[in-house]
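User: Could you walk me through this model before I set anything up with it? I'd like to start with the overall picture and then ask about particular spots.

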Protein chains: 2
Amino acid sequence: MNQTKPKAVVLLSGGLDSATTAAVARNQGFDLYALSFDYGQRHRVELRCAEKLARHLGAQEHVILPIDLRRFGRSALTDQIEVPKGRSFEQIEQGIPITYVPARNTIFLAYALAWAEVLESQDIFIGVNALDYSGYPDCRPEYIAAFEKMAALATKAGVEGRPVRIHTPLIHWTKAQIIQKGAELGVDFALTSSCYDPSPQGVACGACDACLLRLRGFAQAGLEDPLPYASKPTQLAPQPPRP
Amino acid sequence: MNQTKPKAVVLLSGGLDSATTAAVARNQGFDLYALSFDYGQRHRVELRCAEKLARHLGAQEHVILPIDLRRFGRSALTDQIEVPKGRSFEQIEQGIPITYVPARNTIFLAYALAWAEVLESQDIFIGVNALDYSGYPDCRPEYIAAFEKMAALATKAGVEGRPVRIHTPLIHWTKAQIIQKGAELGVDFALTSSCYDPSPQGVACGACDACLLRLRGFAQAGLEDPLPYASKPTQLAPQPPRP
């Protein structure tokens, strides 16, 4: 007989960061409860990937919640704003990207907190990364720490001495390190999607910020990206040294 | 010409607490952006009241967001659990009520935060009350303070020096004080709904915790509740003295 494993709520977007995060959680001995959001993305590729990944990773349950961020508007991921293409890594890493969605991780983590309490789980995993997306305020360690403190005061479980921990295994990793760890843990990256602007058939553009960061990550990890691309940049600039 | 007023996002449930909160915000000189949630309530009376209240209070906009908390289950307000009737005030005030919805205020405030950022508003009003509903962990001042800290780190506006303030004008008031303030500010309480278990026609039961607290509040405020009730308790116990 297997012992009962602890449960973890894992935010699963369909991208390679959240896929690797889920694999890390599984490797740490958790049963996975995968949570995805249908928030009016312009493409559905991500959600189809999330479904395949949840099965691939052996999740006990996968909930896809519809949430309507379009009512508040103003983001490339939910509005009809042009996704920038072919930017330099310097441009990508400066400032807050136009793909910023107001309070997105706060909304995602709030739902994860609700589900964790119902499941009697004390562990939430989220694949935020403070390096490649330094422009997102809600991907920084200080934000995550503040959410954890708030969560301990927000719920019956927290008040009764069973606070939730927000795990962010990827937070200080480079994209290359994330890809290496995912590969090591057996993640099938052919099931992931990163592109902000894929074709209707789901083919990645190869030119948006997300594609460029992904392709550079695979190049630096010395691995082949199994995804097809509409086009690929001829040369990927080396990642600047980290302070 | 009128000067432009600052904008406030106000969580409006349709109950008398949030109606009074909105009136307080308006009285402080804010333009109101009312936010309600359709979270699979067993009755729709609340949302019809929220719509009427938003008009009554002169809100600039009223957004009703569908959010599906039933996917996580386990609460009298969203599941088919029997609403307790005819409890004593001692019972009502002990422990966490079965109407507790996991992480509800965290989810509500997360959406309010997203809308505030889009509106370029720095003010969110929520009608939480730490006295009559002491059992809800997410109605306490320490929870609200922790949410505010987290919010300052969560958004572009917060990072750029325009953090959001969470206003909780009612947090230390008795139900009687809330009713007195609402009356003073011209709130039409006939447009509010408090009952956990109204008839299909919207008539309050007069016996659930929310009806009992409301009826006692009106009695103590020396005011007449304009709502019809299916039945009313013959005697309302006096409110115990506060420490």
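**Walking through the model**

Analyst: Of the 243 residues in chain A, 50% count as buried, where buried stands for 20 or more other C-beta atoms within 10 Å of a residue's own, exposed for 12 or fewer and partly exposed for what lies in between, with C-beta atoms placed from the backbone. This is a predicted model, in which local features need pLDDT of at least 70 and side-chain atom pairs count only at pLDDT 80 or more, while totals for chains, interfaces and linings use all residues. Residues are numbered from 1 along each chain as its sequence is written, and chains are lettered from A and ligands numbered from 1 in the order in which they are written.

User: How many helices and strands are in chain A?

Analyst: Chain A has eight helices and five strands, taken as DSSP runs numbered from the N terminus, with helices being H or I of at least four residues and strands E of at least two. From the N terminus on, the order is β-α-β-α-β-α-α-β-α-α-β-α-α. Among contacts in chain A between residues at least 6 apart in sequence, 71% join residues at least 24 apart, a contact being two residues whose C-beta atoms, placed from the backbone, lie within 7 Å.

User: Which elements of chain B give two or more residues to the side that touches chain A?

Analyst: In total, 37 residues of chain B are in contact with 37 residues of chain A. The elements giving two or more residues to that side of chain B are β3 (61–66), α4 (104–119), α5 (141–154) and α6 (156–159), and α4(B) gives the most, with nine residues. That side of chain B divides into 25 nonpolar, four polar and eight charged residues, where Ala, Val, Leu, Ile, Met, Phe, Trp, Tyr, Cys and Pro count as nonpolar, Asp, Glu, Lys and Arg as charged, and the others, Gly among them, as polar.

User: And what does α5 of chain A pack against?

Analyst: Helix α5 (residues 141–154) of chain A has 14 residues and reaches 20 Å from its first C-alpha to its last, close to the 20 Å expected at 1.5 Å a residue, that expected span being 1.5 Å times one less than the number of residues. Its buried residues, among them A:Tyr143, A:Phe147 and A:Met150, pack against α4, α6 (156–159) and β5 (165–167) of chain A together with α4 and α5 of chain B.

User: Which residues does A:Leu113 touch?

Analyst: Leaving out residues up to four places away in sequence, A:Leu113 touches A:Ile124, A:Ala151, A:Ala154, A:Thr155, A:Val164, B:Ala103 and B:Thr106.

User: Is A:Ala103 buried or exposed?

Analyst: A:Ala103 is buried, because 30 other C-beta atoms lie within 10 Å. This residue is found in the loop between α3 (89–92) and α4 of chain A, and its phi is near 60°, a positive value in a residue other than glycine.

User: Then what about B:Glu120, buried or exposed?

Analyst: B:Glu120 counts as exposed, because it has 10 C-beta neighbours inside 10 Å. It is found in the loop between α4 and β4 of chain B and has a positive phi of about 60° although it is not a glycine.

User: Last one, where is A:Gln122 found?

Analyst: A:Gln122 is found in the loop between α4 (104–119) and β4 (123–125) of chain A, and it is partly exposed, with 17 other C-beta atoms within 10 Å. The C-alpha atoms of A:Gln122 and A:Pro6 are separated by 8.4 Å, although the two residues are 116 apart along the chain.
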